[in-house]
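Trainee: Please take me through one part of this structure in detail. I would like to see how its side chains pair up.

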Amino acid sequence: MPTSVKPIPEGMRTLTPHLICAGATAAIDFYKRAFNATEQFRLAMPDGRLAHACLAIGDSTLMLVDEMPEHGALGPKALKGTPVCLHLYVPDTDAAIEKAVAAGATVTIPAADMFWGDRYGQVEDPFGHRWSLATHQRDLTPEQIADAMASAPPCGS
């Protein structure tokens, strides 16, 4: 029996980050203040923890859930770090970093013009998730980027 249901729901992208946060309700508030997120919905469990929440940041969706150690769902602080960095393009990197810091983030890489053509910096949010913030400034070919990388200082220095 054919179906008219799309395999990717309306408004979603193929790849969607799904964060585990110690304090997902507070994380939602932070993402609203820091990144202009808008809440799409949330589903609370009887004990008050969030089983699922969905936010929009720009044209993208971000899902999140509270930590649930009994199900192996641990956030970056419980794991003592994360190898993941969420990349967010913004109109003004410096202003976006300033806004994120005012909301409670910590700068881990100050904003700078990078060899690949972006103004770029990184912050860590209060829940241990890392975010890179960038504004595209120059269109470069892969060859130009490779040449520029050869003489560029290490990122963050």
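Mentor: Start with tyrosine 31. This is a predicted model, and in it tyrosine 31 has a relative accessibility of 0%. Buried means under 20%, so tyrosine 31 counts as buried. Phenylalanine 30 is buried too, because its relative accessible area is 1%.

Now look at the two rings together. The centres of phenylalanine 30 and tyrosine 31 lie 5.4 Å apart. Their planes meet at 70°. Over 60 degrees counts as edge-to-face, so that is the label for this pair. Both residues belong to one aromatic cluster, along with Phe35, Phe127 and Trp131.

Compare another pair, phenylalanine 115 and tryptophan 116. Here the ring centres are 5.0 Å apart, and the planes stand at 85°. That angle is also over the 60-degree cut-off, so phenylalanine 115 and tryptophan 116 are edge-to-face. Tryptophan 116 has a relative accessible area of 23%, so it is partly exposed. Across the whole structure, a search finds nine aromatic pairs.

Next, go from rings to charges. Side chains of opposite charge can pair when their charged atoms come close. The count of salt bridges comes to eight. Take lysine 32 as one of the partners. Lysine 32 forms a salt bridge with glutamate 39, and the closest N and O atoms are 3.3 Å apart. Lysine 32 is partly exposed, because its relative accessibility is 32%. Glutamate 39 is partly exposed as well, with a relative accessible area of 27%. A network of salt bridges links Lys32, Glu39 and Arg42.

Another salt bridge joins glutamate 70 and arginine 49, at 2.6 Å from N to O. Glutamate 70 has 49% relative accessibility, so it counts as partly exposed. For arginine 49 the value is 22%, so arginine 49 is partly exposed too.

Finish with glutamate 10 and lysine 6. They form a salt bridge, with the closest N and O atoms 2.5 Å apart. Both glutamate 10 and lysine 6 are exposed.

Key: Residues are numbered from 1 along each chain as its sequence is written. This is a predicted model: local features need pLDDT of at least 70, side-chain atom pairs count only at pLDDT 80 or more; totals for chains, interfaces and linings use all residues. Side-chain values use heavy atoms; hydrogens and water are left out. A salt bridge is a side-chain nitrogen of Lys or Arg within 4 Å of a carboxyl oxygen of Asp or Glu. Buried means under 20% relative accessible area, exposed over 50%, partly exposed in between (1.4 Å probe, protein chains only). Rings of Phe, Tyr and Trp (its six-membered ring) pair if their centres lie within 6.5 Å; planes under 30 degrees apart count as stacked, over 60 as edge-to-face and the rest as tilted.
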